[in-house]
Amino acid sequence: GPDPLITDVQDWATSTGAGVDATPYGLPIEFESDVVRRNVEWLTADTISSINFTPIHALDGTITPQGCAFERHHSGAIELRKEDYRLMINGLVDTPLVFTYEDLERFPRENRIYFCECAANTGMEWAGAQLNGAQFTHGMIHNMEYSGVPLRTLLNEAGVKTEGKWVYVEGADASSNGRSIPLEKAMDDCLVAFKANGEALRMEHGYPARLVVPGWEGNMWVKWLRRVEITDGPVESREETSKYTDTLEDGTSRKWTWEMDAKSVITSPSPQMPIRHGHGPLVITGLAWSGRGAITGVDVTVDGGRTWTKARLGAPGQDKALTRFYLDHVWTGEEMFLQSRARDETGYVQPTKAQLREVRGLNSIYHNNCIQTWWVNANGEAENVEIS
Amino acid sequence: DAAATASAVVIDGSTDTLDGQGDTTAMVGEDTAAPQGKFGLGRAALPEEIAAWDVDIMPDGRGLPEGSGDVWTGEEVFADNCAVCHGDFAEGVDNWPKLAGGMDTLDHEDPLKTVGSYWPYLSTTFDYVRRSMPFGAAQTMSDDDVYAITAYILYSNDLVDEDFTLSKETFFDVEMPNAGGFIVDDRAETEYPLFSQDPCMENCKESVEITMRAAVLDVTPDEDGEDTGEEAAVAPAADDGTQVASADPVTLAPAAAAPADTAAATEAAPEATEGAAPASEVDPALVASGEKVFKKCKACHQVGDGAKNKVGPVLNGIVGRAAGTGDRFKYSKAMVEAGAGGMVWDEANLAGYLAAPKTFLKGNKMAFAGLKKDDDIAAITAFLKSHP
C-alpha cells in the first residue's frame, strides 16, 4: 500500500525545527550516536595509558572527523593552553630557540592530508582471528587534513649543525613519549600541525600542536610537542627499544621499523555492518593506504581469493593518505569470503597473513598489514575469520 | 637528499618558493610548498631552560646526572613508588608491565619482554624512570632515587649483586643481556622482493576452508561498550594494547571460561553513607572545581557510579570513613594500621594527607606529590563529599 511517510503529513513538515545556535558547535545528530570511538577494556590496565578505535566501519570517504578519530595516550590527554605552550629547538644547532604558539602561526604554512596509523593496528590478529569488527581490527587509524609549519622551517630557523644526524622529539605530557627520527625525514615532510580538518586539534590529538610524521608509525607523531633536539645519534628511548620493535621467530628483533606497509580493509560489509537489505546491488567498500606513497590499486575478492576483481577508487590515491575503494557487486545471498588487497606506487602488494607469518613468525605485535577476511553468511551477517 | 635540499635553502637564505622541492604531494603545475629561509621568529633558549627540559640520556651515557643509588635503597623506593603497579619484586600487577624475568623467552611463544630480558640499553631505563615514572607523579623523584630504582630493577633481574651501587661510574659495568638482539629494519631486503610479485587474479586456489573464527573466542566488546571479558584479572599481562597483541588468542579466551566476577558488581554499589555530608552542605561551584582538581588523582582513583579499584582504591564515601577500609583494596600495612588505630578520613586528616601524602602517613603507598594549594584541597574534599 501507499507509504504513510509520504501520504501522512509528518510532524517535521508541520512544526518547526531547531533554530540557529541551538548547538553553537555541533555534534552528529542523535541517530548516529553509535558511531563513536570504542575501547577494548581488557587490552590495557587503565584508560589513561591506552588506546581506542575509530569507527571506520561506519564512515565513508577518506577524512576522519576529529571527534571519532582514535586516541592513544601514555599518561592521559592533557589540557595545555596556547598561552602556556612552548616549543624548544636545541642540541646541535647554531642557536637554540624557543617558540610560542603565536610564533608558530607566523611561519609559512602548508596543508597536507595524511593517515596516522598506530604500529599496533591489527596487532591483536597476529596469532589468529580475534576481534569481530573492522573498528577493532583496523580502527587504530585516522586520516586528516593538517595545517601546520614544516619541521624543516623551524630547524632551519635554529640552523642545524653538520654533526646533526637525528632529531629527538618529545611531548609536554607526563609520559613525554620521546622518539628519535633521522634528520632526513625531519627535513623532508614532517609538519608541526596545529589544525586538523580546518579546526584546532582536539585535546586528545595534542592541542595545541603535534608532530606529523607522514607514513610512519603513529607513536612518532608526538602530541603536545614541546621539544625537538638535534642529536648525533638516536636516544634509544623506551618507545623505540622496549616498545615499537618487532620480535622475529628466532628472538631477534627489528628496530627502526618506522614505515607503515601498504594495507587495506573492507569496512562494509563487515561484522559491525551486516547486509540489511535484500539481494541485488551491494556496495562493498573499504580503505587502503601505504606509508611509502600513494595507493595505485585495490583488488577485492568475494570468494576467498579464488578470483579477484579490481576495485574502483573513490578518488586517485594520494601520497601517504587513505584511499577509499568500492566494488559494486550484485549479491544473490551467496556466502562470501571478502578480502581486499592493496598495491602502492612502489609496487608493494599487501601480503596474506600466511606470507607475513612466514617471514616474521607470530610475535611481532606491530606492523601487521595482512589481508583481512570477512565471512558473510546467507543472512548477510559477517564474521572475522581466517581461511586456507 | 631531502636534507641536502633543505640546507641549500638555508644557505641561500631567500624566501623564494622551492618550485615543488620538498613537496611530497603529487600536484602538477602548482607550487604547494611553503617559502623557506629565516624569519627571525622565536627567541634564544636560555641555558636554564635547556637544562630543565633536555634530560635525555644517550646510550653511551651522555646526559647521566651526578648521584648514585644502591640496591637496598632501591628496594625501599621501589616499594613506595613502583610496587603498586609493578609488584614488590618487579614482577608486575594485573595488566601493568613486568619489569623482571623472561630471560631466554624471546624465541618462544609469547616472549616476556622485561628490562632484563629485552631492553638493550640501561640508559633507557634511567631515562624513562626519571622522565615518566611513577605513573601519576612523573618527574618528582630525585636523581639518587632514580639511580636506586634502576639498581633495584637490575637486581630483580639478577644482573647485579645485592651490594651494587649504580652511578655514572658503574653504569657500564652492567651488561644488558639482549644488547645484541636487535637488527635495523630489513624489510626492504627481506620482504619487498616477496611482496612485490604480480598477484594472481584468476583461478588462484582450488578451495577455501575456514581455519579460525573470531566468534569462538568471543572477546569483542558488545554494542553497549561493555567488555565481554569479565575482569582485567583474566586478561593477559600488558601495559598497553601493543603488548597484549602478542598474546596467543587462546590465552585471551579465558574471559569466556572464567567465572563472572561478582566483585565488579559489589564495587559498583555505593559505599555506606556513614559520615557523608548532607546535601545542604555541598557548594556546587566548589564541587565543580574539585572535579577539575580530581584529574590529578584519576591516574589511580575512580569515583562515582561503576567506580572500580585501580592503582588506588575507589573513593566513593571516603569522607568520614575509617582509613584503609575500602572494599577489596589491598592497602599498605601503614594505612590498615592507621584505620585500626581509629584514624578516620575527616576533613582535617584528608587535608593533611592530600598536602603531603608521604609525610602525613609514613609507609603508605600513594605515589602522589601532594596538593600545594589549600583551595584545591577544599575543592577536592567538597567533590569527594558529593560522592557518598
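Modeller: The discussion below treats the contact between the two chains. This is a predicted model, in which local features need pLDDT of at least 70 and side-chain atom pairs count only at pLDDT 80 or more, while totals for chains, interfaces and linings use all residues. Residues are numbered from 1 along each chain as its sequence is written, chains are lettered from A and ligands numbered from 1 in the order in which they are written, and side-chain values use heavy atoms, with hydrogens and water left out.

Colleague: What is the area buried between chain B and chain A?

Modeller: The buried area is about 10,000 Å², with 54% from carbon and sulfur atoms; the term denotes accessible area (1.4 Å probe) that two parts lose on being put together, summed over both. In chain B, Leu41(B), Trp53(B) and Phe195(B) lose the most area to chain A, together 8% of what that side buries.

Colleague: Why is the meeting of Arg254(A) and Glu191(B) called a salt bridge?

Modeller: A salt bridge requires a side-chain nitrogen of Lys or Arg within 4 Å of a carboxyl oxygen of Asp or Glu. The N to O distance between Arg254(A) and Glu191(B) is 2.8 Å, so the pair qualifies. The count between the chains is 10 salt bridges.
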